[in-house]
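Here is a short briefing on one protein chain. Please look over the sequence and model before reading on.

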Amino acid sequence: MSGINIRRAVIGDYTEVSALMDELHRLHVEARPDVYRELQTRMSLTEYEQLLETDHRFLYVAEWLEQGEIVGYASAQLNVIQNVTLLKDRKMLYINEIIVASKHRGHGTGKLLMQELIELGKEMQVDSVELTVSTFNNGAQAFYEQMGLSVRSSRMEYIL
């Protein structure tokens, strides 16, 4: 999709970012109501403000310039692993969420957000960019694989 600008999120983006977070959360609630609680709002304004002010958190929006509309959101955080007996020291950029509004998917917006986060990781000289994706989210899994990510581990459960 041409006319998409990826930029750092600002406080004025809250309403649209919150709507995207709500959309993502509804997907999780619908797929796993045994795990996820229904919420009125997934992210409060206070939480959003705190994320914007945290040094090791990075929030981006995809803005459709023609409409002046936020159509995507991504957030990541820098994790530094040091002095852990079992693990090698390393730096990782962990993607907390990446969301493209359902009516805007399939036009390259997610790819632009991922590329921005990968570039951020390169600038920060991290060892890897990582994320977690639910197995019910087949579209996201395929997208991440298309972007060059590979499965490192799987979390399994036995429901009682």
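Predicted model: local features only at pLDDT ≥ 70, side-chain atom pairs only at ≥ 80, totals over all residues.

Residues are numbered from 1 along each chain as its sequence is written, and side-chain values use heavy atoms, with hydrogens and water left out.

**Overall fold**

- The chain holds four helices and five strands; these are DSSP runs, numbered from the N terminus (helices H or I, at least four residues; strands E, at least two).
- Along the sequence, the pattern reads β-α-α-β-β-β-α-β-α.
- The radius of gyration is 16 Å, close to the 15 Å from the globule rule for 160 residues, so the chain is as compact as a globular protein of that length. The radius is taken over C-alpha atoms, and the rule is 2.2 Å times the number of residues to the power 0.38.
- The C-alpha trace spans about 50 × 45 × 35 Å along its principal axes.

**Surface and contacts**

- Of the 160 residues, 36% are buried (under 20% relative accessible area, 1.4 Å probe, protein chains only).
- The accessible surface is about 10,500 Å², with 48% belonging to carbon and sulfur atoms; areas come from the Shrake-Rupley method with a 1.4 Å probe.
- Among contacts between residues at least 6 apart in sequence, 62% join residues at least 24 apart. Contact means heavy atoms within 4.5 Å.

**The sheet**

- Five strands form an open sheet in the order β1-β2-β3-β4-β5, with mixed pairing. Two strands pair if DSSP finds at least two bridges between them.
- β1 (4–8) and β5 (128–131) are the edge strands, each pairing on one side only.
- Neighbouring strands of this sheet are turned by 25° against each other on average, direction ignored. Axes are lines fitted to C-alpha atoms, and angles run from 0 to 180 degrees between N-to-C directions.
- β2 (residues 57–64) pairs with β3 (residues 69–81) in the antiparallel sense over eight bridges. Glu-63 has Ile-70 as its bridge partner in β3.

**β4, α3 and β5**

- β4 (residues 90–100) and β5 pair in the parallel sense over four bridges. Leu-93 has Val-129 as its bridge partner in β5.
- With helix α3 (residues 109–123), these two strands make a right-handed β-α-β unit. Right-handed means that, with the strands pointing away from the viewer, the path from the first strand over the helix to the second runs clockwise.
- Side chains alternate along β5.

Methods: Buried < 20%, exposed > 50% of the residue type's maximum accessible area, 1.4 Å probe, protein only.
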